[in-house]
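Please keep the structure at hand while reading.

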Amino acid sequence: MSQKKIPIRKFSFRIIVFSVIIAGLATLFQWLLPQYATPAMPFIVLFFFVITLFTMYIVLRNEDGNNGKKFVSAYMLSRTVKILSCLLFLLLYMLLKPDDAIRFAIAFLVIYFLYAIFEIVVLKKENEAMKSDENNR
């Protein structure tokens, strides 16, 4: 029996809403505490929006459903792409703007963890909903 996946459109809508909220909070933080905020905050949010959407597309692209091995392979590929992209982005910015490196790194890590929690919550909720649907059949 194949298991359905989260439709990419549904995930896309959720990531857009989440990113708008994070961008709003980042803007508020920059406005209230500019001495602690990196000027690159909007680019960090944009980076995580794009990379999260792309990596989740890798995981969710198979419309037929997923079997365990394919899902694990796709998920591990998405994590590898994401971590390497994050390291490259972080390293490039820190080399190009060493005076803002600490503020940037802190903001980057905070936003990284926010997006990671978002992904986990969405995948867990959808997995539970799919299991519930299968049990009700």
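Arginine 103 forms a salt bridge with aspartate 100, and the closest N and O atoms of this pair are 2.8 Å apart; a salt bridge here is a side-chain nitrogen of Lys or Arg within 4 Å of a carboxyl oxygen of Asp or Glu. The model is predicted, so that local features need pLDDT of at least 70 and side-chain atom pairs count only at pLDDT 80 or more, whereas totals for chains, interfaces and linings use all residues. Residues are numbered from 1 along each chain as its sequence is written, and side-chain values use heavy atoms, with hydrogens and water left out.

Arginine 103 is partly exposed, with a relative accessible area of 30%, while aspartate 100 counts as buried at 3% relative accessibility. In these terms, buried means under 20% relative accessible area, exposed means over 50%, and partly exposed lies in between (1.4 Å probe, protein chains only).

A search of the whole structure finds three salt bridges, which are set out here.

| Arginine 103 | Aspartate 100 | 2.8 Å |

Arg79, Lys82 and Glu119 are linked in a network of salt bridges.

What is the overall fold pattern of the protein chain? Read along the sequence, the pattern is α-α-α-α, with four helices and zero strands; helices (H or I, at least four residues) and strands (E, at least two) are DSSP runs, numbered from the N terminus. For H1, the 25 residues should span 36 Å at 1.5 Å a residue, and the end C-alpha atoms are 35 Å apart, which agrees; the expected span is 1.5 Å times one less than the number of residues.

The largest nonpolar core has 28 residues, and those with the most contacts inside this core include Phe11, Ile44, Phe104 and Tyr115. H1, H2, helix H3 (68-96) and helix H4 (101-136) each supply at least two residues of the core. Such a core is a set of buried Ala, Val, Leu, Ile, Met, Phe, Trp, Tyr and Cys residues joined through side-chain atoms within 4.5 Å. Leaving aside neighbours within four places in sequence, tyrosine 115 is in contact (heavy atoms within 4.5 Å) with residues including Ile15, Phe18, Val45, Phe48 and Lys82.

Tyrosine 36, found in the loop between helix H1 (8-32) and helix H2 (41-60), is by contrast exposed at 55%. Glutamine 35 has its place in that loop too, and lies 9.3 Å from arginine 103, C-alpha to C-alpha, although the two are 68 residues apart in sequence.

Of the 137 residues of the protein chain, 34% count as buried.
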